[in-house]
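Thank you for making time for this one.

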Amino acid sequence: MGYAQLVIGPAGSGKSTYCSSLYQHCETLGRSIHIVNLDPAAENFDYPVAMDIRELISLDDVMEELGLGPNGGLIYCMEHLEDNLDDWLNEELDNYLDDDYLVFDCPGQIELFSHVPVLRNFVEHLKRKNFNVCAVYLLDSQFITDVTKYVSGCMASLSAMVQLEVPHINILSKMDLVTNKRDVEKLLLGSRASSFTVRVE
């Protein structure tokens, strides 16, 4: 049985930084994990890429050949991935042992994990391949200082939770950029309703 973690959240929430930190932490502990890039628009990585969706399709190629914009192009790329789960993904997964741990660094387009079924179908495919899957949702902690942004972030997280139907943890990232830490403490310590865990980078 394999293990998989889907790292999701809005663009700029620190998903790739989280993956890099997780990789370094596991290296220090002597544990082996494999980071998978599922973002067809990604260019630079701070971690070794075990599998890369850009070997199947890239956003730049789609935008150039089909004349799509960034958002439409990204949806097209992910739907192309969905069409190739039985071919490309299965071939890539065959390179890993049953007890390997895969971490999927996902794109930051909210629709992918809250509205369209692409990532849900991706998760179901992993389950059929005998993977235990969980989701990690990252939200920029600066959202906490603006009530409307925070509520919006919580709703997006809840939508992803309902859509993916896997064990799920929420993390507030970029705590080092929050100027007033008391706002965060007041919300997280004073409210039992909060479902977010703080992560300091």
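Let me begin with burial, where a residue counts as buried under 20% relative accessible area, exposed over 50%, and partly exposed in between, using a 1.4 Å probe and protein chains only. Please keep in mind that this is a predicted model, in which local features need pLDDT of at least 70 and side-chain atom pairs count only at pLDDT 80 or more, while totals for chains, interfaces and linings use all residues. Residues are numbered from 1 along each chain as its sequence is written, and side-chain values use heavy atoms, with hydrogens and water left out.

On that scale N130 is partly exposed, because its relative accessible area is 42%. N130 lies in the loop between α6 and β5 (131-140), where helices (H or I, at least four residues) and strands (E, at least two) are DSSP runs numbered from the N terminus. Most residues other than glycine have a negative phi. N130, although not a glycine, has a positive phi of about 70°. K174, also a residue other than glycine, has a positive phi near 60°, and K174 sits in the loop between β6 (168-173) and α8 (181-190).

Now to the helix packing. Two packed helices are described by the angle between their axes and the distance between the axes; here the axes are lines fitted to C-alpha atoms, for helices over the stretch in contact, and angles run from 0 to 180 degrees between N-to-C directions.

How do α2 and α3 pack? Helix α2 (residues 59-66) meets α3 at an angle of about 115°, with the axes 9 Å apart, and the two are therefore roughly perpendicular, given that angles under 35 degrees count as roughly parallel, over 145 as roughly antiparallel, 65 to 115 as roughly perpendicular and the rest as oblique. The crossing of α2 and α3 is right-handed, a crossing being right-handed if the near helix is turned clockwise from the far one by less than a right angle, and left-handed if anticlockwise. The contact, meaning heavy atoms within 4.5 Å, involves L59, V62, M63 and L66 of α2 together with P70, G73, L74, Y76 and C77 of α3. By class this contact has 8 nonpolar, 1 polar and no charged residues, where Ala, Val, Leu, Ile, Met, Phe, Trp, Tyr, Cys and Pro count as nonpolar, Asp, Glu, Lys and Arg as charged, and the others, Gly among them, as polar.

Helix α3 (residues 70-83) also packs with helix α6 (residues 118-128), at an angle of about 25° and with axes 10 Å apart, so α3 and α6 are roughly parallel. Their crossing is left-handed. M78, E79, L81 and E82 of α3 make this contact with V118, L119, N121 and F122 of α6, and these residues divide into 5 nonpolar, 1 polar and 2 charged.

Turning to the cysteines, how many disulfides does the structure hold? There are 0 disulfides, a disulfide being a pair of cysteine sulfur atoms within 2.5 Å. The sulfur of C19 is too far for a bond, because the closest cysteine sulfur, in C106, is 8.2 Å away. C77 is in no disulfide either, its nearest cysteine sulfur, again that of C106, being 14 Å away. C19 counts as buried at 0% relative accessibility, and C77 is buried with a relative accessible area of 0%.

Finally, D39 is in the loop between β2 (34-37) and β3 (49-52), and D39 counts as buried at 19% relative accessibility. Not counting residues up to four places away in sequence, D39 touches I53, R54, L74, D105 and P107.
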